[in-house]
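Good morning, and thank you for making time for this presentation. I ask that you keep the sequence and the model in view while I speak.

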Amino acid sequence: MEKISVAVRFRPSTAQNHLPDDRHWRIDDNRISLHRSLGTPISSVSFAFDHVFDQSSTNGTLYNQLTKPIIDAAVHGFNGTAFAYGQTSSGKTFTMNGSQEDPGIIHLAVKDIFHSTQMITDREFLIRVSYMEIYNEEINDLLSLGSQKLPIHESLERGIFVAGLREEIVNTAEQVFELIKLGEANRHFGETNMNARSSRSHTIFRMVIESSIKEPMSSGDVSNADAIRVSVLNLVDLAGSERIAKTGAGGVRLKEGKHINKSLMILGNVINKLSESGRQRAHIPYRDSKLTRILQPALGGNAKTSIICTVAPEEVHVEETRGTLQFASRAKRVTNCAQVNEILTDAALLKRQKLEIEELRTKLQGQHSEVLEQVILKQRNDMHKSELECEKLAMELEEKKISRSTRAALKGTGKEDQRTYYVCQSR
Ligand SMILES: Nc1ncnc2c1ncn2[C@@H]1O[C@H](COP(=O)(O)OP(=O)(O)OP(=O)(O)O)[C@@H](O)[C@H]1O
């Protein structure tokens, strides 16, 4: 069990000058408090977080302190999610995408993943990426223009997944950057009074990292050698909450703004519920929005999660900043339960069970032989069940291989299907 890590980042101020009675935010280590101009703190407004980044911070610093541990863990089989939350124009897209001079979290994460996988010489990796947006409560594939309004499904094997989402197998960071460029071109941006290039959708850039030992051990030791690790990493740039009076939104922008605010409100509700203890949190309303449904594992589930809350330092945005800090404070209380996601291959399953029987025999030596026989009989039955399960898995794997080679054969002919993969649950 571990808490979601939460950081707050101030973007550089755009205010020309300060009025004498302006309130301002003060940072002391990881604490933020609101002060009057003469330095008097406003006692009720003070928050502490895992990290606080001031206006001069770079994406690199933020990445190293907040996000890098999640990326490293994803390479080793843990699901991970990093998302940016905050009012419109507070710097979410800047944090996730960055600039030429100061590359963002996504860029740094991609570079790090390929670097790490090259350094780990005893495993082989398969990395797939997808990129989607939730626009007006509909899921669009940013890597495939034809794929819009995609449905969310859930199954025992696949967990929660977006059906029909294109996934590309990638071998280098440069390939990923090309795909991101393609996705960015398809993403919904629009101009408002608050931001000349405001994100009008939530985007989820996803990497699925699969790995296995290069040469499985042939001896009895199957501790983890034959298992396949599969982890899902989500890098999320949320659209910003907005006050219509400030953004001046009308028409299409107004409709977008309403959808954005509604889904962020539901995200807030989910975080509120998760931050409560005991019986109060019985029902978590994940299904109330596509965003919370897709991010369900990252919110109180099997994932390591970090949230970057971006805020504007100006006096005119004090109330919105306060709202973001309240959200961040609640998020800090949410606990996740991340574990390495391993799938045992059929051979590994059998080996592991044979080993267990041997161990039992040794342990029970000297005990009454009837007890011994009963335990072994039960273990044999379990093993038989596993064998049947393995056969089923082998058939499924074979089917997948056939469909993969069919797609490979059709590739370039214009007839290939969009690839749909899914995350296997740990067994
Ligand atoms: N830390 C920063 N350093 C330099 N410029 C920044 C920083 N944060 C934000 N900006 C600039 O502020 C403007 C607004 O930032 P950005 O578009 O990232 O906000 P946003 O929170 O994603 O907004 P929206 O929710 O409307 O999409 C951009 O011009 C961006 O380059």
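First, the ground rules. This is a predicted model, in which local features need pLDDT of at least 70 and side-chain atom pairs count only at pLDDT 80 or more, while totals for chains, interfaces and linings use all residues. Residues are numbered from 1 along each chain as its sequence is written.

Let me begin with the whole protein. Its secondary structure comes to ten helices and 19 strands; helices (H or I, at least four residues) and strands (E, at least two) are DSSP runs, numbered from the N terminus. Of its 427 residues, 37% count as buried. A residue is buried if 20 or more other C-beta atoms lie within 10 Å of its own, exposed if 12 or fewer, and partly exposed in between, with C-beta atoms placed from the backbone. Two residues are in contact if those C-beta atoms lie within 7 Å. Among contacts with a separation of 6 or more, 72% join residues 24 or more positions apart.

Next, the core. In soluble globular proteins, nonpolar side chains tend to be buried together. A nonpolar core here is a set of buried Ala, Val, Leu, Ile, Met, Phe, Trp, Tyr and Cys residues joined through C-beta atoms within 7 Å. The largest one has 81 residues, of which Ala-7, Leu-235, Ile-307 and Cys-309 touch the most other members. What does Ala-7 touch, not counting residues up to four places away in sequence? The partners are Phe-49, Asp-50, His-51, Val-52, Phe-53, Leu-62, Leu-66 and Ile-308.

I turn to the helix pairs. Axes are lines fitted to C-alpha atoms, for helices over the stretch in contact, and angles run from 0 to 180 degrees between N-to-C directions. Helix α1 (residues 59-75) and helix α3 pack at about 45°, with axes 10 Å apart. That angle makes α1 oblique to α3; under 35 degrees counts as roughly parallel, over 145 as roughly antiparallel, 65 to 115 as roughly perpendicular and the rest as oblique. The crossing of α1 and α3 is right-handed, a crossing being left-handed if the near helix is turned anticlockwise from the far one by less than a right angle, and right-handed if clockwise.

Asp-112 belongs to helix α3 (residues 105-119). Is Asp-112 buried or partly exposed? Asp-112 counts as partly exposed because 19 C-beta neighbours lie inside 10 Å. Beyond its neighbours within four places in sequence, Asp-112 is in contact with Lys-68 and Ile-71.

The second pair is α6 (residues 251-275) and α8 (residues 318-331), whose axes come within 8 Å and cross at roughly 40°. This, too, makes α6 oblique to α8, but the crossing of α6 and α8 is left-handed. Gly-268, Ile-271, Asn-272 and Ser-275 of α6 meet Phe-327, Arg-330 and Ala-331 of α8.

Finally, the loop between β8 (123-135) and β9 (138-141), which holds Asn-136. Asn-136 has a positive phi near 50° without being a glycine, and 15 other C-beta atoms within 10 Å make Asn-136 partly exposed. Glu-137 is found in the loop between β8 and β9, and its phi is also positive, at about 65°. Glu-137 counts as partly exposed, with 16 C-beta neighbours inside 10 Å.
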